[in-house]
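Here is a short briefing on strand pairing, helix packing and the chain contact. The sequence and structure come first.

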Amino acid sequence: MNPRVTATAWGLLVTAAQIGLPLAVRDRLPDPMATHWGPGDRPDGSQSFTAYVLTVTLFWVVPWIVALVTAVEGRTLARRQGRMAWWGALFGLSVLALGINLSSVLANLDVTDWTRAELEVVHPLLVIAAALAAAVLAGYLGRGGPDALSDERREPPSLRLRPGQRAVWVGHVFNPWLALITVADAAVLLVLAALGLLGVTDGNVVGPILPGLLIVLVVGLLTTQASVRVSGDRVVIGIGLLRVPARRIPLSKIESAWSEERYPSQVGGWGFRGLPGGATIMLRGGECLVIGYRTGGRLAVSVDDAARGASLINALIAERVES
Amino acid sequence: MLLTLDLNDARPLHEQVAGAIRRAIGDGSYLPGDRLPPARDLAQALGINPNTVLRALRDLRDEGLLEFRRGRGVSVAGPATEQVAGRALLVQRARELLEEARRYGYGRDDLITILEELP
């Protein structure tokens with residue numbers, strides 16, 4: 001199944017349904033229509049018919065275009081994790097968009113005024129459940145074959161350590177964009193704090209966005225930079241400005257190390273990605289140091305000069321085996 | 001950045017660190033404009049005081065091999081100073097060659113004679 005052809009055909013079908021469904025029953029719908037429901041079954045927001053059709057169409061068309069562009073670019077679909085995420089997002093979001101459209105139209109059907117449109121609580125729950133099920137099923141069906149082991153694996157040059165010599169390797173990675181976001185976020189928090197102290201802001205406005213800003217700040221502090229140190233008998237991966245938390249991996253647990261090109265689109269975004277046993281610490285696309293455990297698991301870190309780090313890890317492991 | 005220190009080296013620690021960084025830049029792991037890992041990471045990996053690493057970095061800056069920039073940390077000096085970096089590396093290699101020669105009982109003059117005999 002060619003993903004680009006499938007995505008194009010399916011997307012056109014969904015777009016047609018998004019526009020066609022409200023048009024087909026236009027004379028039975030009120031104008032404006034109820035489009036948002038608060039707690040309980042009473043609507044608290046409305047849109048004109050045209051605006052409604054535009055909204056439900058864009059709700060689907062925008063992610064659809066993103067999916068098509070991603071498929072054409074091709075890197076995402078080269079890996080199993082990427083394929084599962086792509087198919088899951090495509091079908092999950094289409095079912096979500098269709099479900100929202102269908103339940104809104106059903107709620108508005110044959111009512112004279114939008115304030116009377118009732119939405120049963122079970123509808124949104126059903127829509128979300130159906131979307132999740134579609135995403136999981138599509139991800140499973142579209143997973144394809146397992147990734148080839150030697151896909152992009154680059155064996156590092158071998159390094160010989162001389163007796164009486166002490167070798168260490170330090171790799172560092174810094175993402176200026178994440179740093180910029182973090183600084184901007186901290187600035188907003190400071191301004192809000194100042195306004196709060198002056199009594200200018202209203203708790204109702206700040207309340208909902210404060211947790212979000214705090215999460216961005218913490219995540220930003222953790223993912224702006226990282227360092228990897230190889231020395232003596234261990235590899236230490238320190239995360240964030242303070243290098244805390246740090247992951248310490250004794251060399252005795254490592255089978256071998258190598259470098260690999262990995263991109264956020266392949267592993268599912270920035271930050272800590274994947275599951276234990278196949279995780280990636282992704283701060284920027286490009287060269288990554290991959291550590292293969294004796295147990296078969298792997299840990300990858302995006303870091304500069306990774307090949308030399310891998311060389312040293314392998315050399316230190318070889319030295320331990322010999323002695 | 002791969003740094004190697006000789007455990008029997010009697011020179012002051014900051015000179016040894018400077019030499020190791022010179023070698024690391026010389027073998028191509030860092031290109032002009034590339035940012036070095038922060039001094040505290042280097043110090044932690046080597047198990048030495050960050051000030052010792054900073055002193056080595058300052059020495060290399062004075063040689064023209066490194067640049068200190070506010071907010072951007074320490075980076076390898078640009079292509080305009082490649083000549084300078086090349087000379088710094090040659091000095092480092094020559095120093096190491098001389099040490100090795102002494103280990104085999106040859107002195108500075110012997111080494112110069114060997115160099116002159118080269119085609």
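A:Leu289 stands opposite A:Val301 in S11(A). This is a predicted model. Strand S10 (residues 286-293) and strand S11 (residues 298-302) of chain A run antiparallel, joined by five bridges.

**The five-strand sheet**
- In chain A, five strands form an open sheet in the order S7-S10-S11-S9-S8, with mixed pairing.
- Strand S7 (254-262) and strand S8 (271-273) of chain A are the edge strands; each has a single partner strand, so one side of each lacks a neighbour in the sheet.
- From one strand to the next, the twist averages 15 degrees.
- Helix H8 (residues 306-322) of chain A lies across S7 and S10 of chain A, and runs at about 170 degrees to S7(A).

**Helix packing in chain A**
- Helix H1 (residues 3-24) and helix H3 (residues 80-108) of chain A have axes that come within 10 Å and cross at roughly 10 degrees.
- The crossing angle is under 35 degrees, so H1(A) and H3(A) are roughly parallel to each other.
- H1(A) contributes residues including A:Trp10, A:Val14 and A:Leu21, and H3(A) residues including A:Leu90, A:Leu98 and A:Val105.
- The residues of this contact divide into eleven nonpolar, three polar and no charged.

**Where chain B meets chain A**
- Chain B has 16 residues in contact with 15 residues of chain A.
- Strand S1 (2-6) and helix H2 (39-46) of chain B each give two or more residues to the side touching chain A.
- That side of chain B comprises ten nonpolar, four polar and two charged residues.
- Strand S3 (residues 165-174) of chain A and S1(B) run antiparallel, with five bridges between them.
- In this pairing, A:Trp169 stands opposite B:Leu2.

Terms used. Residues numbered from 1 in each chain as written. Chains lettered and ligands numbered in written order. Predicted model: local features only at pLDDT ≥ 70, side-chain atom pairs only at ≥ 80, totals over all residues. Contact = placed C-beta atoms within 7 Å. Helix = DSSP H or I, 4+ residues; strand = E, 2+ residues; numbered from the N terminus. Nonpolar A, V, L, I, M, F, W, Y, C, P; charged D, E, K, R; others polar. Pairing = 2+ DSSP bridges. Axes fitted to C-alpha atoms, helices over the stretch in contact; angles between N-to-C directions. Parallel < 35°, antiparallel > 145°, perpendicular 65-115°, else oblique.
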